[in-house]
Amino acid sequence: MRIAMIGTGYVGLVSGACFADFGHQVTCVDKDAGKIEALRRGEIPIFEPGLDALVASNVKAKRLDFTTDLTAPVAEADAVFIAVGTPSRRGDGHADLTYVYSAAREIAAALSGFTVVVTKSTVPVGTGDEVERLIREANPSADVVVASNPEFLREGAAIRDFKFPDRIVVGTSDERGRKVLGDVYRPLSLNQAPLMFTARRTAELIKYAANAFLATKITFINEMADLSEKVGADVQEVARGIGLDNRIGSKFLHAGPGFGGSCFPKDTRALVKIAQDHDVQLRIVEAVLGVNDIRKRAMARKVSNAAGGSLRGKTVAVLGLTFKPDTDDMREAPSIPLVTGLLDMGAKVRAHDPVGMEPAKKELPEIEYCADPYECVKGADAMVIVTEWVQYRALDLDRIKSVMAQPVVVDLRNIYRPEDMAAHGFIYESVGRVTT
């Protein structure tokens with residue numbers, strides 16, 4: 001089938017490359033001429049494991065190409081996916097749909113023959129209705145079905161998530177639309193991926209509800225971590241004990257400095273605004289947002305307490321800047337309020353991240369960046385592990401201790417065992433576990 005993917009951001013590029021790998025003919029469209037030229041040269045604008053090889057192989061096979069002009073790709077397409085950004089709107093937290101609606105109008109002018117237009121961007125309930133209205137207003141003769149197909153990709157594991165999904169949600173009540181999108185995803189039938197057809201508005205809400213629920217699980221276990229520290233329990237064992245209950249499940253029960261990234265903060269805020277617009281109060285989701293925001297900043301106080309109660313004039317080494325491993329995404333990363341808090345307390349901050357330092361420099365220009373973890377901790381009064389990169393899981397602890405000014409380690413991801421750190425002579429703090 002012929003597919004036009006409007007937008008070459010994280011969702012658009014991953015989805016386009018995976019669709020091409022299924023055997024479809026895919027054209028990815030973006031207004032940014034520089035980005036398109038870079039993609040044609042084989043330069044990938046985001047870090048996602050395996051994406052560069054996937055794009056290269058499908059470009060070589062002539063199943064994937066890139067352009068700034070959507071006219072021909074849309075006219076030839078069986079399905080057009082809108083995968084543009086929907087950032088939080090400044091001032092009120094609503095999803096900004098400017099790019100979605102702009103894409104809809106441009107698509108309308110280029111449609112030729114029966115086409116399914118699919119919103120893959122994360123959008124508020126009812127956006128599909130407005131997209132359809134805009135298309136029909138701009139092109140009354142268009143033979144078009146507008147559907148919703150939310151993405152459920154985890155950064156760092158997006159290709160596997162796309163090819164081995166838990167479910168595929170398609171929001172359309174039109175039989176022709178169902179057939180086209182069934183054909184688009186037919187290659188996944190061998191993996192027995194559940195293909196769930198539902199109403200368009202239901203599909204739009206499923207995406208927000210899923211992210212809000214996962215954010216709630218993270219926030220819940222973080223609050224249990226705080227309680228564990230006070231009562232002398234181990235939050236990792238608490239998480240395992242409740243996670244073995246298949247009604248709860250073990251995923252997203254890892255205590256840490258709070259959730260960040262491109263989806264959870266933005267989508268939970270947008271869901272609250274959607275509810276308020278319909279006179280519904282989502283008290284649990286509102287609490288999740290409040291607790292998470294407070295927690296990120298509180299991590300700086302945790303570092304200060306571990307370092308003796310004051311950071312004035314001290315050097316803190318921060319390992320890990322991106323909001324999670326295997327991505328260069330700094331959007332709402334816990335490291336940002338943590339580092340800001342450390343600086344406010346008078347600390348000098350040095351940092352290392354395997355792939356995220358360039359984007360981090362835009363968010364945190366006032367700190368020093370180091371080439372490797374050992375350079376970062378040299379002369380430091382405290383080391384803070386913020387992102388659980390695999391590179392930090394097997395550090396030479398004797399070497400770390402020998403170059404630090406003070407052997408203080410604050411492990412916000414619980415990647416080391418307290419007894420091991422004590423044996424190496426560290427003053428060690430983690431999250432939700434007994435201090436040694």
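Helices and strands here are DSSP runs, numbered from the N terminus. The model is predicted.

**View 1. The whole protein chain.** The secondary structure comes to 17 helices and 14 strands. The C-alpha atoms fill a box of roughly 75 × 50 × 45 Å along the principal axes. For 436 residues, a compact globule would have a radius of gyration near 22 Å, and the 24 Å of the protein chain agrees with that. Of the 436 residues, 53% are buried. Among contacts with a separation of 6 or more, 74% join residues 24 or more positions apart. The accessible surface comes to about 19,100 Å². Carbon and sulfur atoms hold 51% of that surface.

**View 2. Strand β1 beside strand β2.** Strand β1 spans residues 2-6. Four of its five residues are buried, so the strand is largely enclosed by the rest of the structure. Its partner β2 covers residues 25-29. The two strands pair in the parallel sense, over five bridges. Within this pair, Met5 stands opposite Cys28 of β2.

**View 3. The buried face of helix α3.** Helix α3 runs through residues 51-60. Its buried residues are Leu51, Leu54, Val55 and Asn58. Seen down the helix axis, they fall within an arc of 95°, so they line one face of α3. An α-helix has 3.6 residues a turn, so residues three or four places apart point the same way.

View 4. What follows the helix? Lys62 is not a glycine. Most residues other than glycine have a negative phi. Lys62 lies in the loop between α3 and β3. Is the residue buried or exposed? The cut-off for exposed is over 50% relative accessible area. Lys62 has 66%, so it counts as exposed.

**View 5. The six-stranded sheet.** In which order do the six strands of the open sheet lie? The order is β11-β10-β9-β12-β13-β14, and the pairing is parallel. The edges belong to β11 (368-369) and β14 (427-429). Each edge strand has a single partner, so one of its sides is left without a neighbour in the sheet. Strands β12 (residues 382-385) and β13 (residues 408-411) pair over three bridges. In this pair, Met383 stands opposite Val409 of β13.

**View 6. Helix α12 on the sheet.** Helix α12 takes in residues 283-306 and packs on the six-stranded sheet. Which strands does α12 touch? It touches β9 (315-319), β12, β13 and β14. The direction of α12 makes about 155° with that of β13.

View 7. Asn414 is found in the loop between β13 and α17 (418-423). Its phi is near 55°, a positive value in a residue other than glycine. Buried means under 20% relative accessible area. At 7%, Asn414 therefore counts as buried. Lys62, by comparison, is exposed. Phi is positive at Lys62 and at Asn414.

Methods. Residues numbered from 1 in each chain as written. Predicted model: local features only at pLDDT ≥ 70, side-chain atom pairs only at ≥ 80, totals over all residues. Heavy atoms only, no water. Buried < 20%, exposed > 50% of the residue type's maximum accessible area, 1.4 Å probe, protein only. Arc of directions from axis to C-beta. Pairing = 2+ DSSP bridges. Contact = heavy atoms within 4.5 Å. Axes fitted to C-alpha atoms, helices over the stretch in contact; angles between N-to-C directions. Rg over C-alpha atoms; globule rule 2.2 N^0.38 Å. Areas by Shrake-Rupley, 256 points an atom, 1.4 Å probe, with all protein chains shown as cover.
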